[in-house]
Amino acid sequence: MKRQKQKLIILGTGFAAFSLLKSINTHFYEVIIVSPRNHFLFTPLLPSTTVGTIEFRSIIEPIRTAKEKITYHYAYCTQINDEAKIIICKNALDGNTFSLAYDLLVIAVGAMNNTYGIPGVEQFALPLKELADARAIRQRIIENFERASTPGLQFEERKRLLHFVIVGGGPTGVEFAAELHDFLTEDLVDSYPAMIPDVDITLLEAGTSILNTFDAALSDYTLRNFQRQRISVRLHSQVTSIDEKELLLSDGSHVPYGLLVWSTGNTQTDFVKSLSVEKDKAKRIITDEYFHVKGFTHLFALGDCAVIEHQLLPATSQVAQQEGYYLGKALNALAKEKPIKPFIYHHHGMLAYIGSNRALADLPQMKGKGFSTWIFWRSAYLTKLISWKNKILVVFDWMKAFIFGRDTSRF
Ligand SMILES: Cc1cc2nc3c(=O)[nH]c(=O)nc-3n(C[C@H](O)[C@H](O)[C@H](O)COP(=O)(O)OP(=O)(O)OC[C@H]3O[C@@H](n4cnc5c(N)ncnc54)[C@H](O)[C@@H]3O)c2cc1C
């Protein structure tokens, strides 16, 4: 007798959800996806889109065509009623609510930027998490150059507008600073030659080093590289409040800024915080090594919103992607009544771009830095991009930026 398909709802379209979707067999499951983002976003190349090294649409994959025989809803999940096995959703465009029934539910909703409750962050700082954020940053950079070019503008105001501040010395903050430096020295220098001497880039980090998840020698190399590039790195610098034009540090200093990018790590979404399931201190959903939410057999959680009990895996795309592939394969095996082994994470290392065609590679088998590592960085990400369409678009974008420069128009 033909086995009835189970209804599998996946919440999210990020690394965990997308790799699950790629590996699940729709022959066994009726797959329904709910997410306020109708595409998968390849975040490791997001900093490159803020300055136009890569175009926005080159690093996304539309979800509706990612796999045949799936259903997608452009909505947030707002509530899970596990007794009735339904979820309540809110359309991300018009706010209309609806409910969906499930047999199995996967929570892969990621995390959000941590503002640490610092006054002014939400209002004045720009995050770098989604394409819309990258677009807003790109617009603001050009806008500030245009404003700073106004005849008769006071010197202090021009300096403020051209002061680009990044808070957070992790890979995202470092890569954005690096891309911004390249944009200034390779393209904006031609469009706004008179402005360039007044430009400053400052990276503020509350801790004792930048890129603290990387090998210490690579972190030091980045500091020296940033010194050469005139990116000022201020360690032990804790932001205490922000207003429209300046931020205040814990040592009492005032820092005027024209653009402020906030990239200080993750916190959980209100949706995850609202769920009545067991969580760790960081409010991540606790699961076993098969990704069952603790105490449930038909609820799963993975990616940045979850943590495997007694395992401390970093919140990275690498982890989320491996978890998603694993769960898809495990669910396929379950449908075929085959045994399943617990999840084991394989660390392949970390990469970061640090500007001027230099990159870092902190791999289990070797540490690399400089120009040759930049070639490796580009090839590695090209391989990791999901579709041929994206691989080709990204190669064209790189060639276009190299030959014609990045576009500096505002529209
Ligand atoms: C700029 C940037 C650069 C990065 N670079 C790297 C890198 O180089 N290497 C690396 O390993 N990692 C990198 N990361 C981290 C990596 O992107 C994350 O760890 C990874 O995306 C986590 O995957 P996820 O599936 O858990 O969540 P996400 O990819 O964040 O996806 C979450 C999904 O859930 C959806 N969602 C949210 N709320 C709801 C809801 N209530 N209902 C339904 N859906 C919801 C979201 O719209 C989204 O589609 C970077 C992150 C950023 C922001």
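A residue counts as buried if 20 or more other C-beta atoms lie within 10 Å of its own. Keep that cut-off in mind as you look around this structure, which is a predicted model.

**A buried loop residue**

Let's start with Ile 210. You'll find Ile 210 in the loop between strand S12 (200-204) and helix H7 (216-228). Is Ile 210 buried or exposed? There are 24 other C-beta atoms within 10 Å of Ile 210, so this residue is buried. Leaving aside residues up to four places away in sequence, Ile 210 touches Gly 169, Val 174, Leu 203, Glu 205, Ser 219, Thr 222, Leu 223 and Val 233.

**Two loop residues with positive phi**

Now for a pair of backbone angles. Lys 69 has a phi near 60 degrees, which is a positive value in a residue other than glycine. Tyr 116 also has a positive phi, near 55 degrees, and is likewise a residue other than glycine. Here's where to look for them: Lys 69 sits in the loop between strand S4 (60-62) and strand S5, while Tyr 116 belongs to the loop between strand S9 (112-113) and helix H3 (121-124).

| Residue | Other C-beta atoms within 10 Å | Class |
|---|---|---|
| Lys 69 | 9 neighbours | exposed |
| Tyr 116 | 13 atoms | partly exposed |
| Ile 210 | 24 atoms | buried |

Why is Lys 69 called exposed? Lys 69 gets that label because it has 9 C-beta neighbours inside 10 Å, and the exposed class covers residues with 12 or fewer. Tyr 116, with 13, is partly exposed.

**An enclosed helix**

Next, find helix H1. Because 7 of its 9 residues are buried, H1 is largely enclosed by the rest of the structure. Which residues of H1 are the buried ones? They are Phe 15, Ala 16, Ala 17, Phe 18, Ser 19, Leu 20 and Leu 21. These buried residues pack against strand S1 (6-11), strand S2, strand S3 (39-41), strand S8 (104-107) and helix H9.

**Around the ligand**

There are 33 residues around the ligand, and the ones that come nearest are Gly 12, Gly 14, Gly 110, Gly 303 and Thr 316. Several elements give two or more residues to this shell: helix H1 (15-23), strand S2 (29-35), helix H2 (46-49), strand S5 (70-81), helix H6 (171-191) and helix H9 (317-335). What is the shell made of? It divides into 18 nonpolar, 12 polar and 3 charged residues. Both domain 1 (6-111 + 268-335) and domain 2 (121-265) supply at least three residues to the shell.

Finally, a bit of sheet. Strands of a sheet pair through backbone hydrogen bonds, and the pairing can be parallel or antiparallel.

Zoom in on S14 (residues 239-242) and S15 (residues 246-249), which pair over 3 bridges. A hairpin of 3 residues joins S14 to S15. How do the partners line up? Ser 241 has Leu 248 in S15 as its bridge partner, and Ile 242 stands opposite Leu 247 in S15.

Notes. Residues are numbered from 1 along each chain as its sequence is written. This is a predicted model: local features need pLDDT of at least 70, side-chain atom pairs count only at pLDDT 80 or more; totals for chains, interfaces and linings use all residues. A residue is near a molecule or strand if its C-beta atom, placed from the backbone, lies within 6 Å of it. Helices (H or I, at least four residues) and strands (E, at least two) are DSSP runs, numbered from the N terminus. Ala, Val, Leu, Ile, Met, Phe, Trp, Tyr, Cys and Pro count as nonpolar, Asp, Glu, Lys and Arg as charged, and the others, Gly among them, as polar. Domain bounds come from an automatic or database domain assignment. Two strands pair if DSSP finds at least two bridges between them. Two residues are in contact if their C-beta atoms, placed from the backbone, lie within 7 Å.
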